Amino acid sequence: MKNSFLFFCLSLLLFSCGNGGDESKLIPHELKGEAQGTTFTIKYLAKDSLDLTQEVMDMLVRIDQELSLWVDSSVISKFNAQRSTDRSIDSSANYFIEVFRRSQDVFALTDGAFNPAVMPLVRYWGFAKKAETPEVIDSLKVDSLRRHNGFIKVVMAGEGYSYFTPDENLQIDFNAIAQGYSVDLICELLDEKGLENYLVEIGGEVRCKGVNAEGLVWTIGIDRPTDHNSNRELQATVVLNNRALATSGNYRKFYMRNGIKYAHTIDPETGYPVQHTLLSASVFAPDCASADAYATAFMVMGLEKTQAFLAMHPELKLDAYLIYSDEKGGYRTWESEGLKKDLEEMDVKKN
Ligand code: AMP
Ligand code: MG
């Protein structure tokens, strides 16, 4: 949700599956475009030429109007601007309410590793709209911007239209969950159309159902976490059978200062960008909002805490593929048990 700029260069590609004349043949469709400061791809099989361009575009605009910090008039921007203990939002803001509720759940389960109240810190560290990176790091300032428990203390009332927050300066950032949530909303739209086979991907967060144009279960690539954007290399491929995958990492949005890397995941406890050996966390979940939120939380928690969390929470139906660095700077990987049969890795050392 980096950008309000919603530019659509949609191409609707229609191919015939080749069994000409058969009424029941499924035709592959592909929509591609730019939204939320990134690109998206939607593929689906439908019985006839079903053009969903306008409906998808309308939905992405509505999501931005509720959840984008890049849109000054969005519900979240107005919520942040209120700077009061009593706040209210438009009564039609269902996406905001749903994301707020789900964020409180993930906050509680991850002990605050996932914490949308990091917003002022995201700005301080230079990862928000119009924000500059700090020349000299001011530890007192960082400390003053930490709001570790502020978010969980917010109480919703009136079905989510009014909020009471003990902290009048609380500001929130849903960027760690909104993209995954957007994927889910588009999947719901495709479900409503009766589609059984599709892939929806926004900025690398993806969810699949059924099979692709070749009749095979969808296979997705996971990037190697290299600091050089230009050479994207694959670290692994994975079969994604009716579920979602989101990846968080410290290798796309970061800067170097005095030999230290500052990346865009903030540890809400310290107020500083996370510093540890975990380079990327790819999380598999039944829905993409959860995959997205937990991927960010796991980047904060690091390798061992994430492994322990997964062992403690089988009810969440999560899997994770973690890429971390060893003492010599080489890549190491770890995957949860549920992924072993679906994952194929390119050459890596295992622990
Ligand atoms: P993601 O790429 O999904 O991991 O989201 C990263 C974005 O989420 C950052 O650019 C921040 O806007 C925000 N963020 C950073 N740290 C946290 C955190 N600990 N909890 C929630 N959101 C965060
Ligand atoms: Mg995330």
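**Reading the ligand and metal sites of a predicted model**

Mentor: By class, the residues of the shell around ligand 1 divide into 8 nonpolar, 6 polar and 2 charged. Please keep in mind that this is a predicted model.

Trainee: How many residues surround ligand 1, and which are the closest?

Mentor: A shell is read by listing the residues around the molecule. Here ligand 1 is surrounded by 16 residues, and the closest are Asn115, Asp173, Ser248, Ile266 and Thr296. Helix α7, residues 288-312, gives the most to this shell, with 3 residues.

Trainee: Which polar backbone atom is 3.0 Å from a nitrogen atom of ligand 1?

Mentor: A polar contact is read as a pair of N or O atoms within 3.5 Å. In this structure, the backbone atom at 3.0 Å from a ligand nitrogen belongs to Ala113. Ile266 places a backbone N or O atom 2.9 Å from a nitrogen atom of ligand 1. The side chain of His264 has an N or O atom 2.9 Å from an oxygen atom of the ligand. Taken alone, ligand 1 exposes 510 Å², of which the protein buries 96%.

Trainee: What are the protein donors of the magnesium ion, ligand 2?

Mentor: A metal site is read from its donor atoms. For the magnesium ion, these are Ala176 (O), Asp292 (O), Asp292 (OD) and Thr296 (OG1), at 2.0 to 2.4 Å. Along the chain, the donors follow the spacing A-x115-D-x3-T.

Trainee: Where do Asp292 and Thr296 lie, and how many residues apart are they?

Mentor: Both Asp292 and Thr296 belong to helix α7, 4 residues apart, which is about one turn of the helix. Asp292 and Thr296 are both buried.

Trainee: What does the radius of gyration say about the chain?

Mentor: One compares the value with that of a compact globule. For 351 residues such a globule would have a radius of gyration near 20 Å, and the chain has 21 Å, which agrees. The secondary structure comprises 7 helices and 18 strands, and buried residues make up 52% of the chain.

Trainee: Is Gln36 buried or exposed?

Mentor: A residue under 20% relative accessible area is called buried, and one over 50% exposed. Gln36 therefore counts as buried, at 0% relative accessibility. Gln36 is found in the loop between β2 and β3, and its phi is near 55 degrees, a positive value in a residue other than glycine.

Trainee: Why does Asp111 count as exposed?

Mentor: Asp111 counts as exposed because its relative accessibility is 72%. Asp111 lies in the loop between α3 and α4. Although not a glycine, Asp111 has a positive phi of about 60 degrees.

Terms used
Residues are numbered from 1 along each chain as its sequence is written. Chains are lettered from A and ligands numbered from 1 in the order in which they are written. This is a predicted model: local features need pLDDT of at least 70, side-chain atom pairs count only at pLDDT 80 or more; totals for chains, interfaces and linings use all residues. Side-chain values use heavy atoms; hydrogens and water are left out. A residue is near a molecule or strand if one of its heavy atoms lies within 4 Å of it. A polar contact is a pair of N or O atoms within 3.5 Å; within protein, one must be able to donate a hydrogen and the other to accept it, and residues adjacent in sequence count only if both atoms are side-chain atoms. Accessible areas come from the Shrake-Rupley method with a 1.4 Å probe; for residues, only the protein chains shown count as cover. Helices (H or I, at least four residues) and strands (E, at least two) are DSSP runs, numbered from the N terminus. Ala, Val, Leu, Ile, Met, Phe, Trp, Tyr, Cys and Pro count as nonpolar, Asp, Glu, Lys and Arg as charged, and the others, Gly among them, as polar. Donors are N, O and S atoms within 2.8 Å of the metal (3.2 Å for Na, K and Ca); water is not among the atoms, so sites may look incomplete. Buried means under 20% relative accessible area, exposed over 50%, partly exposed in between (1.4 Å probe, protein chains only). The radius of gyration is taken over C-alpha atoms; the globule rule is 2.2 Å times the number of residues to the power 0.38.
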